[in-house]
Amino acid sequence: MATKTTLKPKNKAGAKSAAKSAGKPQMKLVKSTPEAKKAKSTSASQWVYDKKTLTGAEIVIQALVDNGVDTIFGYPGGAVLPIYDAIFQQKKIKHVLVRHEQAALHAAEGYARSTGKVGCALVTSGPGATNAVTGLTDALLDSIPVLCFSGQVPTFLIGTDAFQEADTTGITRQCTKQNYLVKDVKDLAKTVHEAFHVAKSGRPGPVLIDLPKDVQFAPGPYQSPEETDLSRYCPRTMPDISLIEDAVEMMANAKKPVFYTGGGVVNSGTEAAELLTEFVQMTGFPITSTLMGLGGYPMRDKQHLGMLGMHGTFEANWAMHDCDVMINIGARFDDRVTGRLDAFAPNSKKIHIDIDPSSINKNVRVELGIVADSVEALRAMIAVWKKRKYKADAAAMKAWWAQIEKWRAVKCLNYQKSAKTIKPQYALERLQAALDKEMSKKNGRDVFISTEVGQHQMWAAQFLKFDKPNHWMTSGGLGTMGYGFPAAIGVQMAHPDALVVDVAGDASILMNIQEMSTAVQYRLPVKIFILNNQWMGMVKQWQELLHGERYSNSYTESLPDFVKLAEAYGGIGMRVSDPAELDDVIAKMMKTDCVTIVDVCVDPSENCFPMIPSGKAHNEMILSADAEKFDKTLV
Amino acid sequence: MARTSQQDRKSVYGAAPVQDPVSSHTLAVIVDNEPGVLARVIGLFSGRGYNIESLTVAETDHTARKSRITIVCSGTVHVIEQIHHQLSRLVPVHKVSNLTLESTHLERELALLKVVGKKDKRIEALRVADIFRARVVDSTLESFVFEITGTTEKVNAFIDLMRPLGLTEISRTGVAAISRGKEGVYEAA
Ligand SMILES: Cc1cc2nc3c(=O)[nH]c(=O)nc-3n(C[C@H](O)[C@H](O)[C@H](O)COP(=O)(O)OP(=O)(O)OC[C@H]3O[C@@H](n4cnc5c(N)ncnc54)[C@H](O)[C@@H]3O)c2cc1C
Ligand SMILES: Cc1ncc(C[n+]2csc(CCOP(=O)(O)OP(=O)(O)O)c2C)c(N)n1
Ligand SMILES: [Mg+2]
């Protein structure tokens with residue numbers, strides 16, 4: 001039999017009838033023959049069945065294998081026990097037991113973002129499914145491909161308020177790209193294949209399959225992904241060439257152009273990033289990236305202006321504000337980026353390349369919208385630029401770069417250095433120095449960074465340098481505190497030899513701290529680098545600037561001793577509060593071989609600048625007092 | 001608080017954009033007839049704050065298991081365009097046609113009205129029904145059930161006239177719509 005089924009029939013009868021029914025779904029359950037039953041009871045680890053007829057639970061496993069999955073993050077419960085039983089009896093798929101279902105989804109997101117594959121999660125009915133909702137919503141807002149299986153009460157009990165029943169498809173409909181309730185095992189295999197296809201095609205996103213327990217037990221036909229018709233969902237990826245030509249012509253005539261790139265480049269992975277780099281360098285234009293787009297272009301390159309938006313750099317936001325041609329590739333004009341809409345890049349013509357037609361003209365009207373995958377669009381643009389032998393207007397570009405250098409000279413990320421307390425920015429600079437050292441070593445480890453949500457997240461975006469896509473995991477759209485640690489676990493599972501650091505805040509880390517157990521159990525040497533300011537710093541910052549310094553409930557009272565906490569779980573804990581000791585502690589952290597918490601006691605009063613208050617324009621940015629000094633020499 | 005000197009310059013950048021006028025559009029949406037489709041479509045409207053004026057749905061192709069949803073919605077041109085794109089990206093949605101923009105089209109609604117009354121009012125009700133070409137589909141000594149088909153405006157007008165004549169109950173189907181001429185809402189294969 002020339003199919004890819006890996007679970008081979010073990011008894012002759014099974015092999016024969018499978019051969020006979022090649023290609024056709026076959027309902028006969030070979031398992032039910034006495035011989036097969038005996039085989040099953042004597043050796044649970046050897047499945048005996050007609051390869052075209054499996055139980056629902058086995059179909060799920062087989063479909064995962066056939067879709068290239070090697071890892072699934074989950075938590076068991078009554079309604080998914082048949083699947084857990086099937087997991088127990090196979091070796092192809094590794095199940096990672098998390099300690100909370102939300103973490104399963106974030107781990108799947110970290111896995112997906114760092115590999116480009118679909119991340120998978122498995123949760124039980126009722127509370128398992130509702131716990132997954134935050135993770136699904138997070139993946140929806142950040143366009144991350146994940147597939148979540150949830151158990152459901154048996155079909156005959158649905159609607160009766162049965163034990164641990166929740167209307168999971170109803171609850172998750174608005175936080176998934178697509179979801180399914182599979183009531184008939186006949187539909188299961190093709191549903192799983194379609195779910196994978198939907199999760200990763202077009203604009204990626206989360207998909208959920210709700211599986212009643214009786215469907216998991218029921219025998220049904222298996223069909224492979226190749227045998228499944230996936231044609232009902234096939235979003236456009238190729239650009240309209242005439243629009244590409246118009247876009248490139250607009251670019252060639254630009255005097256003050258800027259590239260504004262986002263998560264849509266990272267979604268397309270290394271190839272898109274390489275093409276983007278080639279194109280940006282070919283044109284000589286400046287480029288800025290969103291929080292989600294960091295790593296799509298090497299940030300250390302002089303053409304990169306850093307992140308833009310609310311906490312973006314002075315030069316990036318001013319370049320956006322003053323540009324005459326904006327080339328948006330895979331970014332969605334988020335309100336954290338545009339600021340006040342009527343003052344957003346007021347004198348610019350805008351090109352927007354996005355795979356999702358609904359992103360174009362959603363928040364900002366653009367002159368030229370192009371629906372395409374960023375890889376395809378970039379390839380086409382490079383070809384047109386080369387074919388027509390375009391050159392950027394040299395004089396205009398010289399003047400534009402001179403202006404940008406003036407903005408750069410403001411050094412908007414400057415901060416007051418201190419020999420006594422560790423400034424959070426300093427901690428990240430030293431972390432970056434250590435990471436650079438690691439990466440420059442022969443056989444140095446690959447480095448992945450995740451973050452929680454808050455000031456530390458913004459500082460990480462400002463002070464760490466990403467040169468490759470898919471190495472930076474952060475919750476941008478939903479801004480989910482508690483994302484970073486489980487995401488780091490997902491990354492470490494996918495890249496066992498890499499160095500994975502979660503840049504955390506003292507408040508956020510407590511939202512999924514229970515995952516310490518997961519990290520210890522699977523010997524995942526994730527480093528949790530807490531910038532401990534003893535505040536919900538980001539909340540405090542807003543209260544300080546916009547609510548008359550009334551710090552309502554933003555002090556993180558009664559923090560645990562993070563060192564003891566790490567040790568209680570069986571990990572390693574370290575604390576540092578003297579700037580002089582920081583490098584040593586970081587060096588130690590890099591060498592540990594199990595999960596490690598570094599409690600970096602930082603200056604609690606530090607705020608994150610630059611900052612564009614909500615509803616203000618790019619040119620209404622607040623700078624830190626330190627950068628302000630340079631302001632006079634400016635415009 | 002440290003602030004940049006540029007802050008004072010915000011007035012240079014024009015006033016808030018003028019809100020475009022709101023208009024009503026009729027969309028034909030071809031979907032797979034599968035569980036949850038309607039919930040997804042309606043959830044999209046409520047979740048994103050779009051207005052639905054009328055929504056009808058029924059299976060139109062039993063073998064292919066396709067249904068046609070006709071949605072009358074209102075919004076600015078921009079909002080209507082978003083609705084179109086947001087609907088199109090749903091997995092079970094095959095095709096969205098804006099009949100208002102893409103063609104001249106016909107719209108019909110059917111309504112059943114129960115009118116209870118005696119003597120003059122009864123006679124007057126019959127007379128009005130005749131003018132509107134409404135049919136009597138049920139009758140007792142004290143009541144009629146009228147069936148009327150037409151545009152929403154016509155049905156509204158009929159209902160308004162029936163009110164003082166003893167109207168007690170209305171059941172309306174919502175709008176069904178189709179383009180004129182030989183071109184249709186073909187399906188992307
Ligand atoms: C506390 C906090 C502060 C923040 N401050 C900032 C800030 O200062 N600056 C900032 O930038 N962000 C900030 N964010 C993040 C912000 O909320 C958004 O998440 C982010 O700006 C969105 O990034 P994006 O535009 O790249 O879009 P994404 O959410 O990454 O979306 C990607 C876009 O690309 C499209 N796309 C997907 N795949 C492809 C493909 N293959 N080809 C082409 N297109 C594709 C999608 O349709 C979508 O439109 C902040 C978040 C938090 C929590
Ligand atoms: C689940 C969740 N609840 C609340 C918020 C609102 N919020 C955003 S940042 C923040 C404070 C984070 O504090 P911490 O983790 O210590 O980071 P810091 O800002 O101090 O670096 C809060 C409460 C959120 N983003 N997510
Ligand atoms: Mg904090």
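How many bridges join strand β15 of chain A to strand β17 of chain A, and do they run parallel or antiparallel? Five bridges join β15 (residues 447-451) to β17 (residues 499-505), and the two strands run parallel. This is a predicted model, in which local features need pLDDT of at least 70 and side-chain atom pairs count only at pLDDT 80 or more, while totals for chains, interfaces and linings use all residues. Residues are numbered from 1 along each chain as its sequence is written, and side-chain values use heavy atoms, with hydrogens and water left out.

**The sheet**
- An open sheet of six strands in chain A has the order β16-β15-β17-β18-β20-β19 with parallel pairing, where strands are DSSP runs of E of at least two residues and helices are runs of H or I of at least four, and two strands pair if DSSP finds at least two bridges between them.
- Strands β16 (472-473) and β19 (572-576) of chain A are the edges, each pairing on one side only.
- The bridge partner of A:Thr451 is A:Val503 in β17(A).

**Helices on the sheet**
- Helix α18 (residues 455-463) of chain A packs on the sheet and touches β15, β16, β17 and β18 (527-532) of chain A, and its direction makes about 135° with that of β17(A), the angles running from 0 to 180 degrees between N-to-C directions of lines fitted to C-alpha atoms, for helices over the stretch in contact.
- Helix α19 (residues 484-494) of chain A touches β15, β16, β17 and β18 of chain A as well, with a direction at about 175° to that of β17(A).

**Contacts of one residue**
- Leaving aside neighbours within four places in sequence, A:Ile351 is in contact (heavy atoms within 4.5 Å) with residues including A:Met251, A:Ile327 and A:Leu368.

Notes
Chains lettered and ligands numbered in written order.
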